[in-house]
Amino acid sequence: MRTEVLVIGGGPAGLMAAIYLARFRRQVVIIDSGASRAALIPRSHNLPGFPNGLSGRELLARMRLQVEELDVPIISGTVAVLERRNGDVIAGHEGGTIVAQRAVLATGIVDKQAPLTDWTAAVREGALRYCPVCDAFEAAGRKIAIMGPLGHAAGKALFMRVYSSDVTLIPIGHEQNDARQRELATAGIRVTPPLKAIQRAGGALAVSFVDGSDERFDIVYPAMGAEVRSELAIRLGARHTEEGFLEVDAKQRCGVDGLYGIGDVVTDLHQIAVAFGHAAVAACHAHHSLPMRFAEPWEAKPQGN
């Protein structure tokens with residue numbers, strides 16, 4: 001299969017890029033593994049135009065419908081190999097090979113999970129959450145815990161302290177960070193003994209600690225880090241951080257000719273609104289970097305009486 005632009009990833013960023021490119025009358029194909037992080041969002045309240053919120057699944061369904069109405073093919077699959085050859089980007093997947101003049105990587109991240117067997121049910125119930133920037137406003141006044149390595153989780157705990165007077169940090173591991181602990185104490189954030197186990201408990205989460213004590217929390221935010229799905233770009237020589245996030249320029253280029261990075265895979269604020277901005281910038285640059293394709297003469301259809 002040949003196309004002008006290949007979009008790898010069908011989350012909000014990838015779908016937005018495809019919408020822009022299709023409306024530029026570009027040939028665009030999406031390949032998507034169906035594992036968008038956005039699908040886990042029970043309800044987002046910070047998307048403009050949806051004051052009552054919108055679930056991640058509904059957002060993706062609406063965007064996919066818009067893409068399909070623009071006649072953009074969506075291939076179900078995973079790109080295993082990405083190469084540069086003769087000025088093109090070559091993507092190998094289960095069903096064959098796609099040759100594109102440009103490629104947009106919108107593969108996102110996978111959050112490292114708390115040690116909770118049925119974590120997806122806890123997410124649906126709103127007891128386990130991942131994005132304070134997205135939903136801290138709705139969590140105001142609740143009993144909240146942040147769970148993760150102390151140095152990594154402290155910033156999120158301090159952020160949540162703006163919204164609740166009852167914020168606790170549950171450390172995973174035995175990291176010592178005296179400066180951070182003083183900062184947490186000054187803000188009135190308690191640090192518990194290290195985590196032993198966590199389980200669902202009637203719409204809340206019950207946590208037990210290594211010292212034998214236990215406690216219930218209305219909401220737990222894991223701060224465990226994430227796996228960045230950027231290896232396809234990194235193998236081609238893309239710029240990236242130590243954690244694996246792609247480093248891009250003002251046009252979303254990541255240092256590999258013809259390759260763009262957008263959405264959560266980029267070192268940036270991981271928000272749907274930001275992903276939309278990335279997608280618009282990358283799509284516009286990709287469009288203008290390709291030879292123009294002029295429309296054929298158009299003849300108006302006769303109107304009926």
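Before I show the first helix pair, let me say that an axis here is a line fitted to C-alpha atoms, for helices over the stretch in contact, and that angles run from 0 to 180 degrees between N-to-C directions. Helices (H or I, at least four residues) and strands (E, at least two) are DSSP runs, numbered from the N terminus.

What you see above is a predicted model, in which local features need pLDDT of at least 70 and side-chain atom pairs count only at pLDDT 80 or more, while totals for chains, interfaces and linings use all residues. Residues are numbered from 1 along each chain as its sequence is written, and side-chain values use heavy atoms, with hydrogens and water left out.

Let me start with the chain as a whole, which has 8 helices and 16 strands and whose C-alpha trace spans about 75 × 55 × 35 Å along its principal axes. Of its 305 residues, 47% count as buried, where buried means under 20% relative accessible area, exposed means over 50%, and partly exposed lies in between, with a 1.4 Å probe and protein chains only. The chain exposes about 15,400 Å², of which carbon and sulfur atoms supply 51%; accessible areas come from the Shrake-Rupley method with a 1.4 Å probe, and for residues only the protein chains shown count as cover.

Now to the helix pair: helix H1 (residues 12-23) and helix H8 (residues 272-289) pack at an angle of about 35°, and their axes are 8 Å apart. On the H1 side the contact, meaning heavy atoms within 4.5 Å, includes Pro12, Met16 and Tyr20, and on the H8 side the residues include Ile272, Phe276 and His287.

From there I turn to Val29, which lies in strand E2 (residues 28-32) and is buried, with a relative accessible area of 4%. Among the residues that Val29 touches, not counting those up to four places away in sequence, are Met1, Val72, Ile75 and Ile98.

Next come the charged pairs. Side chains of opposite charge can pair when their charged atoms come close. A salt bridge is counted when a side-chain nitrogen of Lys or Arg is within 4 Å of a carboxyl oxygen of Asp or Glu, and by this rule the count comes to 16 salt bridges.

Which residue forms a salt bridge with Lys143? The partner is Glu215, with the closest N and O atoms 3.0 Å apart. This pair links distant parts of the chain, 72 residues apart, with Lys143 in the loop between helix H4 (132-135) and strand E8 (144-148) and Glu215 in strand E13 (residues 214-217). Lys143 is partly exposed at 23% relative accessible area, whereas Glu215 is buried at 17%.

Glu215 also meets Arg190 in a salt bridge, at 2.7 Å from N to O, and here the two residues are 25 apart, Arg190 being in strand E10 (residues 190-191). Arg190 is partly exposed, with a relative accessible area of 38%.

Elsewhere, Asp249 and Arg253 meet in a salt bridge at 2.8 Å, N to O, and Glu4, Arg26 and Arg293 are linked in a network of salt bridges.
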